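Here is a briefing on one protein model. Look over the sequence and the fold, then read on for the details.

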Amino acid sequence: MLYGLFIVFISYFLSQWIIDKIIPATKANARDRLVLNRLFFYHLLLSFVYYLYAVFNPSDSNNYYFKVTEYYRGPNWSDFYGTSTTFIEWTGYPFIHYLGFSYEAMMALFAFFGWIGFIIFYKFFKEQIGFRNELFGYDLIVLIFLLPNLHFWSGSFGKGSFIFLGIALIFYGMSKLNSRFLYLFIGAVLTYHIRPHVMFVLLISAIIGFTFSTKGIGWGVKILMIAVSIGAFAFIYQDVLNMVGIEEGEEITQGLDLTHRATELQKATSGVDITNYSLPLQVFTFLFRPLFVDAPGMLGLIVSFENVFLLYITILFFARGGLGFLIRGDFLVKTAFLSFITVSIALAQISGNLGIAIRQKSQVMMLFLFVIIKLMDEKQMKEYKRKYAIWHRKQMIKKQQEILQQ
């Protein structure tokens with residue numbers, strides 16, 4: 001426990017250094033820095049809640065730590081290298097065996113990795129959003145970053161922390177590709193090693209986003225991105241097939257039939273048989289359930305409040321012209337939404353267990369929330385331009401009247 005507290009202490013000062021690097025200490029940035037500093041303790045609290053949950057319930061984090069300490073895959077660090085689960089074990093190996101990290105220290109370390117993802121996402125949001133958008137009188141960006149499910153599943157020794165950080169780095173890098181290619185590269189490598197199929201989806205979404213974006217993307221860059229994406233896809237192709245349980249050569253006949261995966265996951269506790277659901281109902285279940293009546297335990301009840309909020313702003317999004325916005329939106333909007341909806345459709349078909357759905361949707365929900373707030377920001381910009389045009393016209397009329405009076 002003391003080792004874990006020491007890692008928390010170190011991570012606080014490291015997070016201050018990261019914040020200083022990407023959000024300099026200026027008067028204009030004072031509020032954002034205050035928000036992030038408060039969010040650090042909020043993230044720490046929910047990470048501790050996950051730790052308590054893992055103490056009394058079966059947890060992947062316990063399994064990861066046990067496998068590494070018991071040399072489950074072999075005596076050498078290299079024996080643990082691979083994608084998905086093995087990559088988490090491989091990452092933990094040097095900390096556990098070379099630095100003597102306890103289980104609590106590993107939980108604190110990965111909570112810090114997840115926290116870096118929040119810092120990067122916050123910077124990305126603030127760069128892309130020009131106005132203060134409010135909901136119920138509160139800053140919508142702050143409300144989004146307070147959603148407990150995001151902090152809970154990115155605050156433990158497991159895949160959630162790394163996938164959240166990886167996706168944050170990818171979109172932060174794509175927002176200014178010329179100066180942030182390293183961020184993009186690190187995020188892509190990290191995401192690939194955790195979930196190759198998610199990296200595949202992000203890759204295809206980026207290609208479509210570049211190709212169909214009409215704002216500031218030249219054909220030379222489009223062609224280059226398509227070529228790089230094809231090469232990267234060829235590299236990760238087999239891993240993608242393995243992740244969904246399809247052997248190479250069978251993808252044409254099998255397609256992406258994930259029914260067997262859904263049946264396997266449904267056997268766990270809090271399982272819900274979704275194999276007979278229609279696809280829209282599967283996606284709705286994945287994104288917005290539980291909703292109180294079907295909540296699996298206390299955690300499910302807490303998540304139900306979050307799901308009501310998500311359902312409300314989703315309805316608000318489409319009521320305010322969300323479909324049209326998806327068509328006219330810029331590259332980042334298209335890429336974020338395509339990534340979100342494609343991953344959601346794929347995972348919805350295998351998440352027969354509500355507990356698994358709660359965890360997995362946190363990987364990509366931030367992308368949809370970005371699209372929602374981006375639409376609200378566009379409407380704020382239109383209103384600002386309308387008011388400015390009226391003010392400018394009044395000023396012109398006033399000047400003309402002054403000239404006539406002279």
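Glutamate 127 counts as partly exposed, at 27% relative accessibility. Its side chain meets that of arginine 180 in a salt bridge, 2.5 Å from N to O. The model is predicted. The protein has 19 helices and two strands. Of its 406 residues, 50% count as buried.

- Arginine 180 counts as buried, because its relative accessibility is 8% and the cut-off for buried is under 20%.
- The bridge between arginine 180 and glutamate 127 links distant parts of the chain, 53 residues apart.
- Arginine 180 sits in the loop between helix 8 (159-175) and helix 9 (181-194), while glutamate 127 is in helix 5.
- Lysine 126 forms a salt bridge with aspartate 32. The closest N and O atoms of this pair are 3.5 Å apart.
- Aspartate 32 lies in helix 2 (residues 30-56) and lysine 126 in helix 5, so the bridge ties together parts that are 94 residues apart in sequence.
- Aspartate 32 is buried, at 12% relative accessible area. Lysine 126 is partly exposed, at 29%.

**Helix 5 against helix 19**

- The axes of helix 5 (residues 103-128) and helix 19 (residues 365-405) come within 10 Å. They cross at roughly 20 degrees.
- That angle makes helix 5 roughly parallel to helix 19, because angles under 35 degrees count as roughly parallel.
- The crossing of the two helices is right-handed.
- Which residues of helix 5 meet helix 19? They are Phe118, Phe121, Phe124, Phe125 and Gln128.
- On helix 19, the residues they meet are Met366, Leu367, Leu369, Phe370, Ile373, Lys374 and Asp377.
- The residues of this contact divide into nine nonpolar, one polar and two charged.

**Other salt bridges**

- How many salt bridges does the structure hold? The count is 14.
- Side chains of opposite charge can pair when their charged atoms come close.
- Glutamate 378 and arginine 328 meet through their side chains in a salt bridge, 2.6 Å from N to O.
- Glutamate 378 is in helix 19 and arginine 328 is in helix 16 (residues 322-328). This pair links distant parts of the chain, 50 residues apart.
- Arginine 328 is partly exposed, with a relative accessible area of 34%.

**Contacts along the chain**

- Take the contacts between residues at least 6 apart in sequence. Among these, 72% join residues at least 24 apart.

**Backbone points to check**

- Most residues other than glycine have a negative phi.
- Tyrosine 71 is not a glycine, yet has a positive phi of about 55 degrees.
- Tyrosine 71 is placed in the loop between helix 3 (60-69) and helix 4 (85-98).
- Tyrosine 71 counts as partly exposed, at 39% relative accessibility.
- Phenylalanine 136 is not a glycine either, and has a positive phi of about 60 degrees.
- Where is phenylalanine 136? The residue is in the loop between strand 1 (134-135) and strand 2 (138-139).
- Phenylalanine 136 is exposed, because its relative accessible area is 56% and the cut-off for exposed is over 50%.

Notes. Residues are numbered from 1 along each chain as its sequence is written. This is a predicted model: local features need pLDDT of at least 70, side-chain atom pairs count only at pLDDT 80 or more; totals for chains, interfaces and linings use all residues. Side-chain values use heavy atoms; hydrogens and water are left out. Axes are lines fitted to C-alpha atoms, for helices over the stretch in contact, and angles run from 0 to 180 degrees between N-to-C directions. Helices (H or I, at least four residues) and strands (E, at least two) are DSSP runs, numbered from the N terminus. Angles under 35 degrees count as roughly parallel, over 145 as roughly antiparallel, 65 to 115 as roughly perpendicular and the rest as oblique. A crossing is left-handed if the near helix is turned anticlockwise from the far one by less than a right angle, and right-handed if clockwise. Contact means heavy atoms within 4.5 Å. Ala, Val, Leu, Ile, Met, Phe, Trp, Tyr, Cys and Pro count as nonpolar, Asp, Glu, Lys and Arg as charged, and the others, Gly among them, as polar. A salt bridge is a side-chain nitrogen of Lys or Arg within 4 Å of a carboxyl oxygen of Asp or Glu. Buried means under 20% relative accessible area, exposed over 50%, partly exposed in between (1.4 Å probe, protein chains only).
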